[in-house]
Amino acid sequence: MDVYRIWYCRCTGKPLELSYEDPTEEESRGEPVCQACGASPSSDPRKTISYRDVENWND
Ligand SMILES: [Zn+2]
């Protein structure tokens, strides 16, 4: 089983999934960033960031 985390930002009024700036560079993946307001899990001045842990049983 695997668990991965999906990050959301609620700045637009509904949960918007954060995206990584360059998903092709798997090794140097930084933080996910909100495309609408630029918030990230460590830079969340308006406390709009939340997350959901998803269990993946199809490993
Ligand atoms: Zn946002």
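Is tyrosine 4 buried or exposed, judged by its C-beta neighbours inside 10 Å?

1. Tyrosine 4 counts as exposed, because it has 9 C-beta neighbours inside 10 Å. The cut-offs: 20 or more other C-beta atoms within 10 Å is buried, 12 or fewer is exposed, in between is partly exposed, with C-beta atoms placed from the backbone.

2. This is a predicted model: local features need pLDDT of at least 70, side-chain atom pairs count only at pLDDT 80 or more, and totals for chains, interfaces and linings use all residues. Residues are numbered from 1 along each chain as its sequence is written.

3. Tyrosine 4 sits in strand S1. Strands are DSSP runs of E, at least two residues, numbered from the N terminus. Beyond four places in sequence, tyrosine 4 is in contact (C-beta atoms, placed from the backbone, within 7 Å) with Val54 and Asn56. Its C-alpha atom is 7.6 Å from that of asparagine 56, 52 residues away along the chain.

4. The open sheet has 3 strands, ordered S2-S1-S3, with antiparallel pairing. S2 and S3 (49-56) are the edge strands, each pairing on one side only. Pairing takes at least two DSSP bridges. S1 and S2 are joined by 2 bridges. Cysteine 9 stands opposite leucine 16 in S2.

5. Cysteine 9 also belongs to the largest nonpolar core, with Trp7, Leu18, Cys34, Ala39 and Ile49. Such a core is a set of buried Ala, Val, Leu, Ile, Met, Phe, Trp, Tyr and Cys residues joined through C-beta atoms within 7 Å.

6. Threonine 12 lies in the loop between S1 (2-9) and S2 (16-17). Threonine 12 is exposed, because 12 other C-beta atoms lie within 10 Å.

Terms used: Helix = DSSP H or I, 4+ residues; strand = E, 2+ residues; numbered from the N terminus. Contact = placed C-beta atoms within 7 Å.
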